[in-house]
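Keep the structure open while you read.

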Amino acid sequence: YVMVSSHRPLSDLTVLDLTWILSGPFASMILCDMGADVIKVERPPYGDIARTTGPYIGDESGYFFSVNRGKRSICIDLRNKQGRETFLRLAENADVVMENFTPGTMGALGLGYDVLSARNPRLVYAATSGFGQTGPERNRPALDVIVQGMGGIMSITGEPDGPPVSTGGSQGDITAGLFTAIGILSALHERERSGQGQLVDISMLDCQIAILENAFVRYFATGEPPKPIGTRHPLTTPFQAFPTADGWIVIAIAPGVENQWELFCVKIGRADLIADPRFDTPGLRTKNHAVLEPMLIEALKVKTAEEWLREFDAIGLPCGPLNDIQHAAEQAQVKAREMLVDVEHPSGFSLKIPDTPIKLSRTPGGIAGPPPGIGEHTDEVLSSMLGLSAQEIAGLREAGAVFGPLPSPVPLVRDRG
């Protein structure tokens, strides 16, 4: 990877990041890639439990590596009186505090939004949780698959009449992370006018509801709950994955685009379908999908995926290969956009990970470096942010308030690889 410019768009922001595992760290990763100084506040002695999640490269977690790149780490015991006071002093000098604990956890430590905002009225405090800071289920814990199930997406994912299926990625966590980052940036922008910070309250379940806008609109418009329909679209056809002679391709004929259906029919050797009244409009093709789909599958199986993609590209038909992860990584377009970059770890290995997809023409972001060790930057942060001397920091260590650097937690043998 290439160390990016110090003139990145968020380079003037300091973020105290208490988040762990995925949803919160993904949000702070976005800010870090855009230049924010993200200081990961970790618990002694093991830090973020994502450090013990595989796959491992040596004794380092690839999972932790992927979403904590470029951050700094300070290790503080927030249950220790001096540790808590140290954190409060840091918060006085921060722009953002982030956490993704069950609601009430920070308040029980004496570090809730009311306490922190009283000491720093400009502070933006982002709380990401399963169900948000209000509501009857606010105190329930939640993980990705829980909110996928509760939010409805599992009920519309998969094949018709099949069992519920979760998405292939941690969509519940990632979506919450994206909305958390958006919420933080919105609050920071508003602060430029008001001079005041505020609480950003992000619920993973809320985020699931928000991204299923079309499914909810269809339900409230028709009274019929949507069902799983495989890879196809509920409102237009063809708009799905199809098998070919040697693999799968994805075809999407958008409603209202002139002549695409007709050109497609001619190209696959089924010009007779053009005049068939059952398939005259996207809605009719969807209504009669059970009749149409076998005809299209039969026609598309006569050529390879590469042959069909070349022919469809020639007529401007939206299409693409259905890639596995290996082939997705090898695409020329992905390489041209430099979306997968090698990041070196101080222990001697390098790992290829996705870079930020946000491409800015004048102040670009990017991966700032490898993930930190536990408490690797404790002294550095306390010195630069609070002006503490080496003797004062040593005193905090002796009091059990701060720690680091600490060794990585030893992974379980059965989880390695």
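## Cysteines

Let's start with Cys 319, which is partly exposed at 25% relative accessibility (buried is under 20% relative accessible area, exposed is over 50%, and partly exposed is in between, with a 1.4 Å probe and protein chains only). Its closest cysteine sulfur is in Cys 265, 15 Å away, which is too far for a bond. Cys 207, on the other hand, is buried, at 5% relative accessibility.

How many disulfides turn up in the whole structure? The search finds 0, where a disulfide means a pair of cysteine sulfur atoms within 2.5 Å.

## Ground rules

This is a predicted model, so local features need pLDDT of at least 70 and side-chain atom pairs count only at pLDDT 80 or more, while totals for chains, interfaces and linings use all residues. Residues are numbered from 1 along each chain as its sequence is written, and side-chain values use heavy atoms, with hydrogens and water left out.

## The sheet

Now for the strands. An open, mixed sheet of 7 strands runs in the order β8-β7-β6-β1-β2-β5-β14. At its edges sit β8 (199-203) and β14 (402-403), each pairing on one side only. Helices (H or I, at least four residues) and strands (E, at least two) are DSSP runs numbered from the N terminus, and two strands pair if DSSP finds at least two bridges between them.

Inside the sheet, β1 (residues 14-17) runs parallel to β2 (residues 37-42), with 4 bridges between them. Val 15 has Val 38 of β2 as its bridge partner.

## Glu 42

## Helix α1

Helix α1 (residues 23-33) has 11 of its 11 residues buried, so it is largely enclosed by the rest of the structure. Those buried residues pack against β1, β2, α2 (62-68), β6 (96-99), β7 (124-129) and α7 (171-194). Just after α1, Gly 35 takes a positive phi of about 110°.

## Cores and Thr 378

The largest nonpolar core has 29 residues, and Leu 16, Phe 87, Leu 90, Val 97, Leu 116 and Leu 382 have the most contacts inside it. A nonpolar core is a set of buried Ala, Val, Leu, Ile, Met, Phe, Trp, Tyr and Cys residues joined through side-chain atoms within 4.5 Å. Apart from it lies another core of 25 residues, among them Leu 13, Ala 27, Cys 32 and Ala 142.

Thr 378 belongs to helix α16 and is buried at 0% relative accessibility. Its side chain reaches the backbone oxygen of Gly 375 at 3.1 Å. Beyond four places in sequence, the contacts of Thr 378 include Ser 73, Arg 397 and Phe 403.

Terms used: Contact means heavy atoms within 4.5 Å. A polar contact is a pair of N or O atoms within 3.5 Å; within protein, one must be able to donate a hydrogen and the other to accept it, and residues adjacent in sequence count only if both atoms are side-chain atoms.
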